[in-house]
Amino acid sequence: MRLATWNVNSLKVRLPRVEAWLAEIQPDILCMQETKLSDDAFPALTFNALGYETAHNGQGQWNGVAILSKVGLANVVTSFGDGEEPDVESRFIQADCGGINISSIYVPNGRALDDEHYQYKLRWLNRLLRHLELTADSAGNVVVMGDFNIAPEDRDVYDPAKFEGATHTSPPERAMLAALAAWGLEDLFRRFHDEGQIYSWWDYRAGDFHQGRGLRIDLVMASRAVADRAVWTVIDRNARKGQSPSDHAPVIIDLED
């Protein structure tokens with residue numbers, strides 16, 4: 001089974017690229033973030049024609065998350081099961097696909113450490129953890145993947161000094177990743193790659209992609225039952241090249257049956 005996650009940064013703009021990528025890579029499950037579409041505008045029929053069932057949680061020109069699956073899609077959830085008011089932003093969707101509880105997430109950016117959006121980010125991550133504690137079994141088949149907007153370690157940042165006192169690398173954010181790991185989720189990329197300077201996001205400005213100035217913020221985190229089935233992973237840098245790419249590259253994970 002092949003899983004993938006990709007922040008497409010506007011599905012309306014990127015749909016032809018996504019279609020071509022799906023035809024080439026053939027993932028069984030794809031999680032997308034930043035679709036920037038309402039549910040009514042989501043191109044479900046296009047993906048159906050490619051063999052995918054779909055679920056989408058969108059709000060128009062901002063945010064938006066989706067799951068595409070060739071191995072079944074059931075029990076769709078679009079809000080946290082913590083009993084609190086639903087998030088006003090479309091950043092979470094969950095479904096059962098091929099015997100795995102799959103979540104596609106788009107964690108808030110945070111903007112700056114003194115910005116309310118940073119506090120929203122930390123609250124959002126706490127709600128995600130609480131949702132897992134209340135609704136999922138860490139001993140089962142669980143995958144949470146998407147744009148976490150957090151670089152787990154300094155080796156995931158092109159120049160850690162430039163991010164001191166900034167979001168994406170702050171201790172409270174990284175502590176939330178550690179809490180998810182303590183609950184039972186593993187960063188699958190690090191099971192296969194120990195080296196640094198491998199990134200999934202590059203700013204559009206100043207030629208950052210070609211200069212190697214990036215961050216690894218797109219993660220596939222999986223429970224032990226899934227992680228032990230993993231045989232290969234890659235960040236598909238080719239999808240970041242060419243005309244009108246997203247600023248993110250897809251992350252691909254292969255699982256043995």
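This is a predicted model: local features need pLDDT of at least 70, side-chain atom pairs count only at pLDDT 80 or more; totals for chains, interfaces and linings use all residues.
By class, the lining of the largest pocket comprises 11 charged, 8 polar and 7 nonpolar residues.

The second largest pocket holds about 150 Å³ of space. It is lined by 13 residues, with Pro152, Leu177, Ala181, Asp187 and Met221 the closest to its centre. Here the lining contains 7 nonpolar and 6 charged residues, with no polar ones. Three elements, α4 (171-183), β9 (186-187) and β12 (218-222), each contribute at least two residues to the lining of the second largest pocket. Helix α4 provides the largest share, with 4 residues.

Helix α4 also takes part in a helix pair, and its partner is α3 (residues 116-135). The axes of the two helices come within 10 Å and cross at roughly 5 degrees. Angles under 35 degrees count as roughly parallel, and α3 and α4 are therefore roughly parallel to each other. On the α3 side, the contact is made by Tyr118, Lys121, Leu122, Leu125, Asn126, Leu128, Leu129, Leu132 and Glu133. Facing them from α4 in this contact are Pro172, Glu173, Met176, Ala179, Leu180 and Trp183. Sorted by class, the contact of α3 with α4 has 11 nonpolar residues, alongside 3 charged and 1 polar.

Key
Residues are numbered from 1 along each chain as its sequence is written. Side-chain values use heavy atoms; hydrogens and water are left out. Ala, Val, Leu, Ile, Met, Phe, Trp, Tyr, Cys and Pro count as nonpolar, Asp, Glu, Lys and Arg as charged, and the others, Gly among them, as polar. On a 1 Å grid over the protein atoms alone, a cavity is a set of points where a 1.4 Å probe fits but cannot get out, and a pocket is an open set with protein on both sides within 12 Å along at least five of seven lines; lining residues have an atom within 4 Å of a point. Grid points are joined across faces, edges and corners, and a volume is the space filled by probe spheres set on the points. Axes are lines fitted to C-alpha atoms, for helices over the stretch in contact, and angles run from 0 to 180 degrees between N-to-C directions. Angles under 35 degrees count as roughly parallel, over 145 as roughly antiparallel, 65 to 115 as roughly perpendicular and the rest as oblique. Contact means heavy atoms within 4.5 Å.
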